[in-house]
Amino acid sequence: MAEKLKLDLVTPYRHVLSQEVDEVTAPGSLGEFGVLPGHTPLLTTLRIGELTYKQGHDVFHVAVNWGYVEVENDVVTVLVETAEPADQIDMARAQAALGRAQEALKGLTPEDKEFKVMEAALERALIRVQVAGHKSAR
């Protein structure tokens, strides 16, 4: 059994990271799950949320937006629409997006066509603010 995992995080636009890590925790569609070396093969979907990975005593945080995770032979491949590490998120922009989404939702009802779109925008903004808050904690 390997002592490390290889984590590859990819979006349609770029290869975000490729690292040797000790552990990965991801926001699965059915709930949060963790992956350690020796994990059984797995293919699952992700929801909007916070992906974390550990290297030694350091924990790194990434905001992810819908996608897939494949685990096989101690390689964790994460394919997502967007991925933003905490140190790359502009807190002011994230908070502005949060405010815009909250404001837009005030004028909508669940029956409106735009409601689900703005609800997802709100969820993305909340996660980005949450993840960005971790960069100051390091």
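Select Leu43. It is exposed (over 50% relative accessible area; buried is under 20%, partly exposed in between; 1.4 Å probe, protein chains only), because its relative accessible area is 65%. This is a predicted model: local features need pLDDT of at least 70, side-chain atom pairs count only at pLDDT 80 or more, and totals for chains, interfaces and linings use all residues. Numbering starts from 1 along each chain as its sequence is written, and side-chain values use heavy atoms, without hydrogens or water.

Leu43 sits in strand E5, residues 42–46. Strands (E, at least two residues) and helices (H or I, at least four) are DSSP runs, numbered from the N terminus.

With Leu43 they make a nonpolar surface patch of about 350 Å². Patch residues have over 30% relative accessible area and no salt bridge, and nonpolar side chains are joined within 5 Å.

Now go to helix H1, residues 91–106. Its end C-alpha atoms are 23 Å apart; 16 residues at 1.5 Å a residue should span 22 Å, which agrees. The expected span is 1.5 Å times one less than the number of residues.

Select Ala94, Ala97, Leu98, Ala101 and Leu105, the buried residues of H1. Seen down the axis of H1, they fall within an arc of 105°, so they line one face. Then pick Ala92, Arg93, Arg100 and Lys106: these exposed residues are on the face turned away from the buried side.

Finish at Asp90. It caps the N-terminal end of H1, with a side-chain oxygen 3.0 Å from the backbone nitrogen of Ala92.

Zoom out. The protein has 2 helices and 8 strands, and buried residues make up 40% of its 138 residues.

Methods
Patch = residues over 30% accessible without salt bridge, like charges linked within 9 Å, V, L, I, M, F, W, Y side chains within 5 Å. Areas by Shrake-Rupley, 256 points an atom, 1.4 Å probe, with all protein chains shown as cover. Salt bridge = Lys/Arg side-chain N within 4 Å of Asp/Glu carboxyl O. Arc of directions from axis to C-beta. Polar contact = N/O pair within 3.5 Å; in protein donor to acceptor, adjacent residues only side chain to side chain.
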